[in-house]
Amino acid sequence: LPIWLKLQASSSAPRQSLNRIVNSMALNAGNPPPSYGAAFALDVSVPTFNLFVPGHWILPLAAECLGTAVLVFTVGCAVSSPAPATWGAASIAAVLMVMIYATGPVSGGNLNPAVSLALALSGNLEWYKMRRYWLAQLLGGGVGAGLYRVACAPHVAAVGPMKPYGAIQAGVVEVVYTAMLCFVVLSCAASFKNNPRKDPNQFFALAIGFVIAAGGYAAGAISGAAFNPAVALGLGISSGKEDYHWGVMWTIAELMGALLGSSIFRLMRMEEFQVPPPTDQALANFKPGRRIRCLAEMIGTFLLVLTVGLNILTGSKATAFSAAAALMCMIYSLGNVSGAHFNPAVTLAVNLSGRELCEMYEALCYIGAQLLGGTFAAGVVTLFHISEGEQITLGAGKGFTIAQAAVAECIATMMLAYVVLTVATTRVPPAWKTRQNSVFGLAIGACVIAGGFGVGSVSGGELNPAVALGLFQANLFCGGEGSDVRFLAAFAVAELLGGAVASLLFRLTHPAEYMDPPPALKGDVEAPHHK
C-alpha cells in the first residue's frame, strides 16, 4: 500500500478528456467550473500525504467507497428483509439519489462501475481515474455487503435469475435497465447542454436515482434488479452460496449495458462531441435533426411501455409509481432533444397549443415513432411471458363499463397533457435566478402516479395511446384473449380528446404565452427546454 500511494502521488499528468478541456478553459477564463455531477467534479491531483487538503486525489475514492458501501448495505437489507418488499426499490432509489447529491461535489457520485465505464467511454472520465473508481466502488460494495450480513443475519440476499425466469431473460433486463441508468447519468449529469457552465441543473441525482424505481419494480422479480457490478459482486460473494458466479454474469451484462447506454448518448447528442467543444449558447440554440428527435421519442416510449408491461406481467403492486419514475427519468434526459412527449396525446396537445413548438408534420412523425416504440416494447415483453395464467389485459375494471373507463382516461390524460404544457413549454419567469426548470419532469411524472392509482381500478390508468397499444399488442403476442379492440379504440380516442381539451384549457389560462413579447416578460429570454 505505501508503494502504491507513492506511485500515485508522483504519477504523471493524466490524459486530457472532454471535461478536463472544459475545466481548463473555464479556469483560464477566470470562471470556476461547476463543482458537482458526474462530469464536472474538479480533477485536481495534490502530491501530498495530507488527506485533509481539498482536492487530494484520495478524497474522491473515499467518497466513492463510502457512497457505494451505503448503497450496497441498503440493497442487502431491503432485499433480504422478511418485511414486505413493496417499497424496497423505492428505498434503494432514494439512497442512490441522496448519496449522489452527497458525494457529487467530491467524486461525481458514480457509485457504480458500469456508470464509471459509461463516463469513460463518453470522454467524461479519464481511464486511469475509472480504474481507481472501480477499486474504490468494489471495496465499498464488499464493505456494505459485510455490514448488511451482520445486520440481517441469517437472512441472505442472493444474486441470480428469479424463478420461474431463466438466465437469458434476467440478463436482458440487466442490460436494458443498466443501459437506461447509464444513459440518464450521461444525459443529466454529463451533458453540457443540460449543464451550462454558469447554470447547471439540480435534478441530476433525482433522475438518476429514480431509474432504480423504474427498473427495480419492473425487473426485480426477474433478475433481482442489481444494475451495478458492485451490488452484484458484493451480494453474490457475501451470500456464501455456491452459485456466486451469477454476480460475475450480472457484472458482464451490466458492463454491456454501459456500452449500450454510452452509444445511445453519443447518438442523441452528437453535437457535444465536436472539437473544439461548442459554447453554451451554441448548444442552447442547437436543434437536433428530425430523425434524431423521432428516435428519441421512440426510445423514451419504448422504455416507458416496457416498464409498464413488465410490472403488469410480474404482478407488481407499484406499476403506476414505476411507470412515473421511467417517464420522469427519460423526460429529464431527452427534454431538450425532442421535447420528451412519449405520448401521442401530449404531442397532439403541444401541436394544438400553437406557438410553433410542434408543427403538424413533426407531430405525425412523433406519433408514428411513439407507436413504433410501444410496439417494440410489446415484442420484448412477450419474451417474459411464462404461463398461460399471466395476462396483460386492456379494458375496464371489474364493475365498470367501457364508457366509464373512457371518461376516466380522458380526464386523467387531460390533466397530464395540461401539466406538460404548463411546466415544460412555457417561458421561465423572469424572477427566477436560474434558467433551469428542475421540477418539470417531477411534475409530469407525478401525473402518472395520480392518474395511475386514481383511475387504475376503473380503466387501468394508461393515459397514453402508445401504452394502450403496447399492452393490447403484448396480449395478442402472448396468445391472450383478455383484450378487446373496442377498448383500444375507445381509450385512444378518449386520451387524444383529453390532449385536445388540455390545449384549449392552456390557451384559456395562459394567454401571456401568446404575446410576443408578453408584457410581464419584456427583455426576458425564452428557456431552451422543449424547443
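I find α7 and α12 oblique to each other, a class for angles that are not under 35 degrees (roughly parallel), over 145 (roughly antiparallel) or 65 to 115 (roughly perpendicular). The model is predicted, so I keep its limits in mind: local features need pLDDT of at least 70, side-chain atom pairs count only at pLDDT 80 or more, and totals for chains, interfaces and linings use all residues. Residues are numbered from 1 along each chain as its sequence is written, and side-chain values use heavy atoms, with hydrogens and water left out.

I looked up the packing of α7 (residues 167-190) and α12 (residues 290-313): the angle is about 135 degrees and the axes are 12 Å apart. Axes are lines fitted to C-alpha atoms, for helices over the stretch in contact, and angles run from 0 to 180 degrees between N-to-C directions.

I noted which residues meet: Val173, Val176, Tyr177 and Met180 in α7 with Leu303, Leu306, Thr307 and Leu310 in α12. Contact means heavy atoms within 4.5 Å.

I then turned to Ser338, which is found in helix α13 (residues 319-338). Helices are DSSP runs of H or I, at least four residues, and strands are runs of E, at least two, numbered from the N terminus. Ser338 is buried, at a relative accessible area of 6%; buried means under 20%, exposed over 50%, partly exposed in between (1.4 Å probe, protein chains only). Leaving aside neighbours within four places in sequence, Ser338 is in contact with Arg293, Ala296, Glu297 and Tyr366.

Buried residues make up 57% of its 531 residues.
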